[in-house]
Structure formats: structure tokens, C-alpha cells
Amino acid sequence: MSRTHVTTTVNGDALEFLCEPHETLLDALRNHLNMTGTKEGCGSGDCGACSVTLDDRLVCSCLVLAAEAEGKSIGTIEGVSNKDELHVIQQKFLEHAALQCGICTPGLIVSTRALLQENPNPTEEETRYYLAGNLCRCTGYDKIIRAVMDAAETMRGGGAA
Amino acid sequence: MAVVEYKAPKTIDEAVGFLANSIHPAKAMAGGTDLIIQNRGHYDQPLVVVDTKHIDSMMQATVDADGLVLGPSISCAELTARDDIKAIYPGLIEAAFLIGSTQIQGRASIGGNLCNASPAGDTLPALIVNAAQCVIAGPDGERTVPVEEFCIGVGKNCMARAELLVALKVPRPAPGTADAYLRFIPRSEMDIAVAGAGVSVTLDKNGKCTAARVAIGAVAPTPLLVPEAGDALIGTEIDDAALDAAAAAASAAAKPITDRRGTEEYRKHVVGVLTKRAAKIAAERARGAS
Amino acid sequence: MSEAREYKYIGQRSIRPDGFDKVTGRANYGADLSLPGMIWGKVLRSPHAHAKITKLDVSRAEQHPGVMAIATYKDFPAVSSEAFEAGEGATDLLDLARNILADGKVLYDGHAICAIAALTEAIADEALSLIDVEYEILPHVMDVRDAMKEDAPLLHDDLFTQGLPEQPDKPSNIAARMELKKGDIDQGFADADVIVEREFYTPTIHQGYIEPHACTVRYEEKGTSMVWCCTQGHFDVRASTAKLLKMDLSKLKVVASEIGGGFGGKTTVYLEPVSLILSRKSGRPVKMVMDREEVFRASGPGSATRNWVKIGAKKDGTFTAMQARLCYEAGAFKGSPMGPGCMTVFTPYDIENAYVEGFDVVVNKPKVAAYRAPGAPQAEFAAEMVINEIARELGIDPIDIRLKNAAREGTQTLYGPKLKAVGLIECLEACKNSDHYKAALKDNQGRGVAAGFWFNIGGQSSVTINMNPDGTATLVEGSPDIGGSRASMQLMAAEELQIPADKITPIVADTEVLAYNGTTGGSRTTFATGMAVIEAAQDVIRQMKERAAAVWNVTAEQVDWVDGTAVNTAGEGRLTAVEICAGADRTGGQITGRGNINARGAGPSFAVHIADIEVDRDTGRTRVIRYTACQDAGKAIHPSYVEGQYQGGAVQGIGWALNEEYIYSKDGILENPGFLDYRIPLASDLPMIDALIVEVPNAFHPFGVRGVGETGIVPPLAAVGTAVANAAGITVTELPLSPPRVLKAMQSSSR
Amino acid sequence: MATVIFSSELQRLTGEEKTIVDAGTYRELVDKITTRYKDLERDEIMKMAVAIDGEIIHDPLLESVGDNSEVHFLYRISGG
């Protein structure tokens, strides 16, 4: 197996890495780029803990080959806040206590950002279905949904986006 | 399987060349949502992946007077956002929308769904009721296969080595036609269909059904076109009696197995329920359209 | 005691101190640590439910370039059967070892056989296929009822039933029997106007934490070895691992990473001892991470049960007798939560005559681990279903029948003590008065109510508060923060010290920093570690007063602590905490408060839930329409996280009731080891979960705190079960209420 | 004088449901009852938790027992 050289953009930074052909984007982020904010919960696209954006499209990074990142633009949890200034979504997750253990939180925040970019004014039902691929075992989702709805309202009201 | 080589061809010829000339088994990949899951362990089973997403024609969808020409590798997310396609084939778009989560939608494609040849693939019954044709390219040129003949067994399709699904052609439906697709899953999302049913009906000005196709999924080794179920609707106004007859025909045609997703008995029953409900929706749509 | 005390900090919905790291991806979990020179470990697992290993040859794997070490059972120092306390209670050391790596026999699909460490994860994976194993397949037994039969295949020929009047002379799959008795059960049933009895089945379920088990370790022959892992109790990981590998506790440092959910499932060890062996043999740091399939196949699920309950009642709803026979699967090794099942089953009720018999039974499934109120949901499901049926037969409102019989202060429990003030009646009344309970139902909808009880525990906690020279505090605790407990520690310390919460930084320290601290479990953390925080804070205050007294040349008794300030009652003078800490160097050195306790007086928490369910009559599919979870918190330190516990527990229970189950093939192979077919609830499956906090203070806690983590999973099984029964017009005796099961019941319904 | 109430399982060893013990501490109480009931083994009792006047103590030894205390032995409880 020869290693593949990949040139890509992660959270706006031009980066390069070497990967094995079988490795996933999740492997590359965590093991080659040391960006461990993206989590692995299942490795089969069933839990959403590894959610990232790939050219602005929400995907499970465990179901993307690392080599596919060539020339793409990737968005991870590490790029959601502006240095130490939290994104509204992050702030709302904290205010609403929308996390307990926190393992699903990076994926949920990345997914929520994608949701609100696509649909700034989602209904509760739309929110619940959009986020159905992000499993949370701790919260029962109640506070997560409230945080997302509140973030959406704040962002529509001209809060920092 | 373990991926040992990744290829990103820009043309169909190049892709077919990679598939034909690889020393290891080679597979075409679109969104990879099925294929990459299989890429775990088993390093003794090497696999070459040929990514089809860099081939322009496979990533485009055009609608014209003849119907839809669908690049098989377009993601469901992109496809379901296409109002022009949804206006003509609402059931097909519904089916595409049902595949997996938002994240999966961002990657999964109708072509991949079809080539994976799972009996439970959601878009398959919807393609069948729309009489889609599969355009297959290979070392010896192109051929076309009706979609209901594409899958030949669980996980098996009719393509030979080095063949590649390069387009899906979906004819423009006759006036007064509409489709619908429904599936049954235990939860509200994220499950594989326990059973699925696609229905397309054509109604005349008086609301009488002049043509109908019913296809069912997850109840046999391959998705099934059920002519008896369509026949039960033709000539009726799709009233309750016709719907019940179609449901019964679908249940009778189903040859399901019992597995972790449902029992044989349950699947036979539910596929009838879905057929009835999908036919009702399709008929309402057709009435609205005509 | 807590009456009429005005709180400044506790009860606030503050931002959790670890929140920033967790919403930015900076928090480090079990799989997030890599070390220089680190290699990867992988486990070879049994493909059979029950088999003798007739050959295990690792030589081909050893020769693979890139393979650095291989571990098998033989690498454990000799271990013998010995009970010791770690994590989730008493564990048999020999069983623990044989579960971590099979000793000549595999007992379930997924049972670990050996492990390989290699340069990369891929090489380790590849090398697993080079291990030659041969099996002699043995008959397997997968259900508690079958396993209890005389002629059942035996898992262990050295397992003899404990708790029988006579010591048995034949081995059995029944590891233990226990009974609890009160009053005269026969007379109780004789006095009843109505008697209902049923047997219920609950399936094997998994805790379903999103983070798989993971660790990174470094073995040091001469120095101190290190384990980094995701666990609910790193001190107990140290205890188990050191005991298995015969190491001094002081030579093993265990660092608790952030933990991505546990719910009881991360109270024991799987990978940690194995990775240390691999590290010892290779001389390299080793990382091991389970994949999701391994988590389902080989980490502790929760017990499947067959529980029979019989209850008698008078026409007016007064219960006269309650009887249960509870059979719990332990998995491959003894130790199901049958005991707590027996002890909780009827505790919500003040009953004169009761008899409970319990059985702990081994089967060819993974060894069960604790799961949130371990044992209670299964047992109380059976009891609450029968109570709802009695209420229906007698035409009494299900809340009213519970109010009539509810456990209250002075109730003599079946398991031992008389209850102090508890909040069950308050929860029942809150539910009865809720908008939810008054709301009308539509067609095909049904409502169910159920109560639940869990003891909660105390146990050992060690806390140090280091006062910094600027007057801020570092609160050092040893309880892994599984759901926001740092926030409640911070608030309790602030309340006691009367210094602002944001000036207190709680950290979860490793095993070298603090004295032993029990595992996060049993709903003990806010209660017990909270008590240690209070004690440490009081120690700080005592010292601060002494320092102030020294400055003023008065006695410490003449100094009061008011609003974070020392006040001289014998003269003039006020010194703030900031001033005292700034001057600590000149008054005797820095100030550290210590609270090392074994907390007693845990207060039980009762809950009452209401579920509304709609059923699709054509398909049997159900939908949760509305849900209320009401529970006694004693005192809610951080109400948002208390509500979160109620909501999370409720939804786990909803999953258990509706869709979650282990599905085994007839060969005993797990067919759904993934989140695709092990169906935990999704955001789109649920409505908002209304959380009602009742506060009846625990008499034994300074703030009145009761644990709240576990009780919430107890009522949903019967609340949902009854709602489905009412919506569909069926009798419910088996979970999960998956669509095929509900449809079948509707088709053959006689109700 | 404390009242000790035995569970049904312990009653098999004690033959009675309750007894009165004059003890100042838990340790003293255990000494006295294990002397009084020969089948009641000290090691087994010490493995159990105790509730003294409703307060559950997981690992008792030196706890004081009040004049009118009610004492129950119970199985140790862990949790999830």
C-alpha cells in the first residue's frame, strides 16, 4: 500500500497530510492532523459524532475516504468558534445545558451550523429530523432542541453568525 | 475488504479502464456510504476504489421533454433540492430523501443505492414504478437495462466486471401521472426499510386509472415489480376496494424473510399497508395534477 | 439541615466550568490521547456462543513484521477466585480475568481471546487473521428460563448456587438465589378482593454510550505505569488492574479522560489490563479503542429478565399482598443486579405482606454491567404493570391507587430500613395536577403512569480545595464528570465558602493526586462528593478564620465567616478571602482544605412518569406524543442538569420499552451489534420531555440533596408499556414493544 | 438499648425477627449479636451495610448506636 499525499483546506487552513488508502477522513483528522474534536462513535455513519462539512455539505467523516479530501474544504468543530469567542450555537448549548457527557456535542454543533445555514428558521420538527443522525444518549434531546431553536432565533435577530 | 488504492478518474473511459485493468478487485464508488462501511479490517481482501464523483456527466441531472437523465453519483442532498425534478417525480425524490440521515444524504446517491443492490434500497421501487432505464458503460461499449432487471440477488447486480452505471434515464410520465414512495421503519429515521412500496398511477380526466405500476422493496431478494397490484388499480377510480386489492396483491407477491428487522409475516402485512397508502397518495397527486 | 436556608449559588443555572472545552472540541476523551512511540492493540474475539478452545497458536501472527506483542490469558499472573470491591460492587477476580481474556473456553459471541499490539491499527487488525484458533463447539443457552432448567448446558462446572438452605452438590447455571419476606403473604392474598399475576419478559439492552471504550497506557517496569481511559471510576480501574497484574497501587497512575457516557457500563475494566500487558511485553505505549461492534458484543449490557409478579388488592385499592419471582440473566459470569431488583421491586408501596424471590443466572451472553439503577427497571416494570392492571380492573385512577398505597416517612421497606421523608406522594400529586394529566387523548392514543424507586448510594469521596494566592480556589475531586457534576461541585463550594462560583475551578484529578474516590455511579456524585466538597470547604473556612484570628490576635472562635469575609467579632476588622490568601505566606503557608469521607445517609429518590403514546393500528408502530418525568431531587443543586438527568433517564427507558433489544441468532450470535439495528431513540422520535422537580430534602445532607441520576430510567418501561396497552387495546407482557410485536398483539387481542 | 431487626434471610440464622442489644457502637453491637447467635458470622455481617435510624452506612464500624436506635442490616448497594 502506497501512501497518498492529500492537499486540503481545514477550517480555512491549507493543510497537507499523507494517508493510507483505506483511511477515512475521520482517521486523517484525528490521527494525522491531531484534530481530535471530531469523535468516532460508530464508524458506520449511524451516530453522527464525526460530523463535518465537506465543501459545505454535512457528512459523516467516517464515511469519507481521506484521499477524497484532496482539493476540498473541510469544516470541523475546531473551526466553529472564532478563537476564544464562542459561536452563538456553542453559547446556546452551554446556556441550555444541552450537553451532559459532551461526546456528541462537536457533531451536533457542526450539524446545527449546517442546519441553520440551510434553514435559518426551522420548525421544531424540521430541527428534530435534520438532527436525527446525531445520536445523543444522555439528554433525551430536549435541551439540545431548545438550544438550537434559541440559537436560530438569536442568529435571525442579527446575533453573531 | 480494505481499500488499497484510490482512483479519481475524470472520464467514463478512464473509470472503465481502471475497473478493467486493476490487479485487485475494483469497485466504483459514489457517496461511499455503503462501500466505506465494508472497508473495515479484512486486509487480506484488497479493494481498489474508483471514485466516480469527478466525472462531470455522472454528477449532473437534466430534465427535458423526454424526461430525466440522472447522473447516478449525485448526492441525495443535491437531488432532493431540485424542485424541477421533484415536480415531476415526487415519489422518487421522497425515496431519495428517505435514505439515511442528513449526513448520509450529503454523500449517498441513487446510483450507489441501486448498484449496492440491497433488497431494501429505498430508491429502487421508486425507479421501477417510473420505468427507469440503466445506462451501463463497459469495455465493449454501452448497453441499457430496465431498472427492474438490474438487481439479480441480494447485493448482486447485473453488471459484469469493469462495467459502470453511467446514467439513469427516467421517461417523462404521461399526463395525469404521479408517483409516491413509502417505507416502513421502526423509528422515525435512520433505519433500513422493513418494507417499502412505490406506486405510480395515471388517471384520465374522469379520475379513472389508466395505467399503474407498483413495486415493493425489502420483501424479496430483489425489489419486485408487482403487475398484479398495478392491474388491481387500472380501470378503477382508486377507491377503497381497489386499494385493498392492490394491497392484497402486493402482500401476495412478497416473499420476505424473517430477520433482525422484521418477521416474514409482518413484512407481508406491512407491504400491503404501504402499497395502499402510497397508491392513495399517488392518486391524490395525480388528481391534483390533472 | 436545609429548612429555610437562603441559597446564593446553589439552585442557579450556571454555565458548567468544563463547558467551553466541550463545545469547542478541546475536551479530551478516551481515544484522544496519543503518545510518542505509541502502538495499537486489537482484540481477537470469539465467533461462537460457547466453545472450548482446542488450539490457540499465535506463532504466525508473531512473525508478522509490525507485530510488537501478543497477550493471552496466560499473561495474567496466577489469579484465583476471590471477591473484591471495585466499581460496581463485589467482583470475583477470577471471573474478571476470564472475562477480559478467555481461559480455554469462550462463553459468548465476542468474548476476548487474545490481543495483538502492532505498529499501526491496520497491521494489528490484519495480524488478528493470522492467529490460529480451533474450537470445539459446545451447546449454548441464551435465555434465563432455559438456563435454569435441570438439563441446561452448563457454562461453569464450578458454579454452585449460593443462598439455598442446603449447599447444593451439583453445579448449576443459577449462581445465586435470594429472598425477602415481610408479613404473611398467604393471608394477604386471602384478604384480597382482586388478584392479578403475570410474567414479564425484558430483553438484553445496552447502555448505548456514544463513546466506545478506549485507553492509552504506558507500562514502566521500574517507575510508575500510566493508564489513560474513559471510565466512571479511575480509582477502581486502578484497583482492578493492579490486583489482576499484581502491581502496587502507588505504581499505577490512572488518569480519567473526559467520558463520553457510561450509565453504569464504564464501571469495570476490559481493555486496560490487556493493554498494560501489551505495553509491558512490547516496551511501547499502547492504545486500544473498541469499535462499535465490540462495544455491543463484548461490553456489559443490561440483564434480560423474566419476572413474575402477583399483587392482591381490596376493592378500595388497598394492596394486601405483593409477591415476585425475579429471574435475571448475568451473562457469562455470575453477578446480575438481581439483588437490587428484589430490593426495589415493591419499595414505592407501603405494604404489609410481601415475598420476593430472586435468581442470578448465567447464560451465553456478555457479562452484564451496571445500567442506571441496575436491576430496578426490570423488576419495577413488572410490578407497575400489574398495579395498572389492578387499577383498571377496580376502576380506580392509576395515580389515586398509588397515592393510597404510597411509601412515605415511616414506611418499613422490604429491604431494610424505615424510610425518612421521601417525595413519592409529592410526585404523584404534582403529576395529578399537571396539565399533561388533565389533557384529553385522541383516537388511537393511550396514557400510562408508573412510579419508580432507586436507593442512591453514598460511599467514599476525597476532595481537596487549594486556595490560590489571589483568592481563587482549585477544587480537586476524584469523581469523573459524566453529566455536568463539576458544575454542581462548583456551586456547592461557592455556597459554602461564600466566594463567587466562577472563582472556583473544579478539576477531576488522577489517582496520584487524591486519596481513593469511589466510582461515579449509584447516583452518588452530587450527594457524596458534594458532601466531601462541603467538608473541604469548611476546612478551608476554619483555616481562614485561624489566619484572620492570628492577624487580629484573637481566637478563631472570635472570628465569623460572613459573605466570604472573616469578621472580627471581638473588635474591629474584616479580611476577605482574597486578602487572607494573599497574606497566607506570612501567616503559616498556603491554605488547603480537605474532605475525605465515606458518605452516609444517601436519600432515596422516587419518580412518577406519565407517557402518552399513539399507535398506528395498521402497522403497530408507536409514537411518543407527550411525556412528563417528575422526580424528587431533595434539593436541585443545578436544576438544568437535574432536569437533564430526568429527561435522559426517561428517554433511555422509552428506548428500552419501544425498540431496544439484543437480537441473537439461533447459534447465539449477536445480529444487531450496531446503532443501525440496535435502535436507540433519535431526536425525531421524541417530543419535549417535561421535567418536574419535586424537592423533599434528604434529612442526612446539609443541602438536602438526593441523587437523581438513576431513578428516571425506572418508570418509563411501565408508563410506556401501559400507554401502548391502552392505545392499542392489548395486554403487554414483553418488551420491546416493537411494531411487529404490537401488531401481532392487536391482531390477537382479547382485551 | 437498640432494636436490631433481622431480614428474612438473617432470620434463618437468628431464628427471630428482632432483638434488643445494649451497645454504644456498631462494632460493639456486632460483637454482641454474633455472640448471641452462633450461626451469625461476623465476617458475613461485616460485609453488609447497615441502616441506623434510617441512615444507610455502607462501611460501618465505629458509628454510634443510640439508646432507642433501630438497626437493620442490608445488602450493600452499588449502582450504575
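How far apart are the nearest C-alpha atoms of chain B and chain D, which do not touch? In this predicted model, the nearest C-alpha atoms of chain B and chain D are 27 Å apart. Residues are numbered from 1 along each chain as its sequence is written, and chains are lettered from A, and ligands numbered from 1, in the order in which they are written.

Contact was taken as heavy atoms within 4.5 Å. No contact joins chain A and chain D either, and the closest C-alpha atoms of these two chains lie 14 Å apart. There are 4 pairs of chains in contact, and among these, chains A and C share the most contacts.

The contact between chains A and C takes 47 residues from chain A and 54 residues from chain C. About 4100 Å² is buried between chain A and chain C, with 58% of this area given by carbon and sulfur atoms; buried area is the accessible area (1.4 Å probe) that two parts lose on being put together, summed over both. Between chain A and chain C, 5 salt bridges are counted, a salt bridge being a side-chain nitrogen of Lys or Arg within 4 Å of a carboxyl oxygen of Asp or Glu. A salt bridge joins the side chains of C:Arg26 and A:Asp84 (3.3 Å, N to O).

On the side of chain A that touches chain C, at least two residues each come from α1 (25-32), α2 (88-95), α3 (105-118), α4 (124-130) and α5 (142-156) of chain A. Helices (H or I, at least four residues) and strands (E, at least two) are DSSP runs, numbered from the N terminus. The most is given by α2(A), with 5 residues. By class, this side of chain A has 20 nonpolar, 13 polar and 14 charged residues, where Ala, Val, Leu, Ile, Met, Phe, Trp, Tyr, Cys and Pro count as nonpolar, Asp, Glu, Lys and Arg as charged, and the others, Gly among them, as polar.

Between chains A and B, 28 residues of chain A are in contact with 27 residues of chain B. The area buried between chain A and chain B is about 2200 Å², and carbon and sulfur atoms give 62% of it. Within chain A, the residues that lose the most area to chain B are A:Arg57, A:Leu63 and A:Glu68, together 26% of what that side buries. The interface of chain A and chain B holds 2 salt bridges. The side chain of A:Glu68 meets that of B:Arg107 in a salt bridge (2.7 Å, N to O). Residue pairs in polar contact between chain A and chain B number 9 (both at pLDDT 80 or more). On the side of chain A that touches chain B, β3 (51-54), β4 (57-60) and α4 of chain A each supply at least two residues, and β4(A) gives the most, with 4 residues. This side of chain A has 14 nonpolar, 10 polar and 4 charged residues.

Within chain B, helix α5 (residues 90-98) has B:Pro90, B:Gly91, B:Leu92, B:Ile93, B:Ala95 and B:Ala96 buried; for single residues, buried means under 20% relative accessible area, exposed over 50%, and partly exposed in between (1.4 Å probe, protein chains only). B:Pro221 lies in the loop between β13 (209-217) and β14 (224-225) of chain B and is partly exposed, with a relative accessible area of 46%. Not counting residues up to four places away in sequence, B:Pro221 touches B:Pro119, B:Gly153 and B:Val154.

In chain C, an open sheet of 3 strands has the order β6-β2-β8, with antiparallel pairing. Strands β6 (105-106) and β8 (132-137) of chain C stand at the edges, each with a single partner strand, so one side of each has no neighbour in the sheet. Two strands pair if DSSP finds at least two bridges between them.

Methods
Predicted model: local features only at pLDDT ≥ 70, side-chain atom pairs only at ≥ 80, totals over all residues. Heavy atoms only, no water. Polar contact = N/O pair within 3.5 Å; in protein donor to acceptor, adjacent residues only side chain to side chain.
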